[in-house]
Amino acid sequence: MTLLWSPVELGGIPLAHRLAMAPMTRDRSTPEGVPTAMNAEYYAQRASMALIITEGAQPSEDGQGYLLTPGVHTAEHVEGWRRVTDAVHAEGGRIVIQLMHVGRVSHPSNTPHGRRPVAPSPVRPAASMFTATGMEPMPEPRELSPAEIAETVEDFRRAAAAAMRAGADGVEIHGANGYLLHQFLSGNANRRTDRYGGSIENRIRFAVEVATAVAEEIGAERTGFRISPGNPFNDIVEDDAPQLYRALVTALAPLGLAYLHVAHGGDEALLKSIRSDWPGPLLLNRGGSDLQARVKDLEEGLADVITVGTMALANPDLVARIKAGAPLNEPDRATFYGGGERGYTDYPTLAETARALT
Ligand SMILES: Cc1cc2nc3c(=O)[nH]c(=O)nc-3n(C[C@H](O)[C@H](O)[C@H](O)COP(=O)(O)O)c2cc1C
């Protein structure tokens with residue numbers, strides 16, 4: 001465990017130790033996408049994590065897919081995020097805002113403008129999503145024109161600048177889990193015949209353009225990037241994952257980003273090759289595994305930092321609990337998405353549990 005508690009530098013972001021919080025959408029911002037005082041409290045409670053990677057925040061109206069997710073593209077969003085970053089910093093924590101454009105994983109009734117979702121190609125994902133009127137199939141998206149692709153890159157650039165104005169320590173670009181960047185990467189969601197589709201070189205172009213623009217805007221040392229090789233979530237098919245991710249990682253490497261965050265899907269050989277191709281810090285999310293397996297990744301040199309999602313969600317004092325060898329609270333899946341304080345800010349700390357027992 002000694003390595004776990006040793007400091008590390010992610011580009012321009014110094015971390016006190018190596019256990020970070022993975023990004024998790026919680027659908028508890030205002031209908032306008034403004035982070036609230038309750039959101040600030042939730043993140044501040046978890047400030048002892050080495051780094052908090054926030055829930056995905058949409059860089060534009062088109063980027064929204066789920067209800068009550070935060071935005072990071074208006075003055076009100078910046079004000080709301082400022083509340084969050086101030087609260088985390090006051091507790092000595094570090095926080096980066098995840099920039100998440102959902103692309104085709106959306107529904108008109110979940111967006112402020114009510115328009116059709118946008119995507120690399122008009123390919124409907126074979127999946128449904130939660131809307132204000134219950135579960136609905138996702139509609140066929142509209143294909144982005146080359147000019148709109150360039151505009152979307154600029155949306156990411158502006159959102160990164162907004163995140164920095166809001167006091168974040170940096171941003172993480174969401175290139176994973178079947179959302180817009182991942183849709184461009186995958187051969188089944190991306191059927192384009194222009195310079196953004198077809199060959200691997202073309203399919204990685206959008207992701208690299210976004211990373212380049214964001215790094216130019218706020219500094220590469222403040223920019224992280226998340227990938228999820230081989231993850232079929234949101235109807236993604238990747239039949240060339242080893243070559244695809246090798247090409248992407250090699251193209252991102254010269255940018256000198258703060259970190260690469262891998263949401264690991266199980267291909268151990270691919271993970272090892274990414275580790276050796278990536279020259280910078282690597283954050284690893286071995287989803288669904290116990291803590292021992294994750295710490296082993298660190299000790300075996302597969303990662304520089306490990307990230308945990310649901311463990312941090314359910315344990316505001318996760319670091320103290322692990323150090324004390326104390327049992328962990330179990331996450332309540334029923335309250336993951338939407339709602340109020342229950343299942344959000346009311347998970348007890350060790351001290352609170354002890355008080356309740358006496
Ligand atoms: C409630 C919930 C919301 C999530 N939202 C996001 C998100 O906004 N962005 C993202 O990249 N991953 C998201 N994920 C995936 C997590 O970051 C993580 O990869 C996943 O939970 C598996 O890791 P774990 O076992 O450490 O929780 C979410 C997961 C959960 C449980």
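His174 stands opposite Arg226 of strand 11, and on strand 12 the bridge partner of Arg226 is His261. Before going further, note that this is a predicted model, in which local features need pLDDT of at least 70, side-chain atom pairs count only at pLDDT 80 or more, and totals for chains, interfaces and linings use all residues. Residues are numbered from 1 along each chain as its sequence is written, and side-chain values use heavy atoms, with hydrogens and water left out.

Strand 10 (residues 170-174) pairs with strand 11 in the parallel sense over four bridges; two strands pair if DSSP finds at least two bridges between them. Strand 11 and strand 12 (residues 259-263) also run parallel, joined by four bridges.

How many of the residues of strand 11 (residues 223-227) are buried? Five of its five are, where buried means under 20% relative accessible area with a 1.4 Å probe, protein chains only. In a regular strand, side chains alternate between the two faces of the sheet. Here Thr223, Phe225 and Ile227 are buried on one side, and Gly224 and Arg226 are buried on the other.

Now step back to the whole protein. It has twelve helices and 14 strands, which are DSSP runs (helices H or I, at least four residues; strands E, at least two) numbered from the N terminus. The radius of gyration, taken over C-alpha atoms, is 19 Å, close to the 21 Å that the globule rule gives for 358 residues, so the protein is as compact as a globular protein of that length. That rule is 2.2 Å times the number of residues to the power 0.38. Of the 358 residues, 59% count as buried.

Note on methods
Buried means under 20% relative accessible area, exposed over 50%, partly exposed in between (1.4 Å probe, protein chains only).
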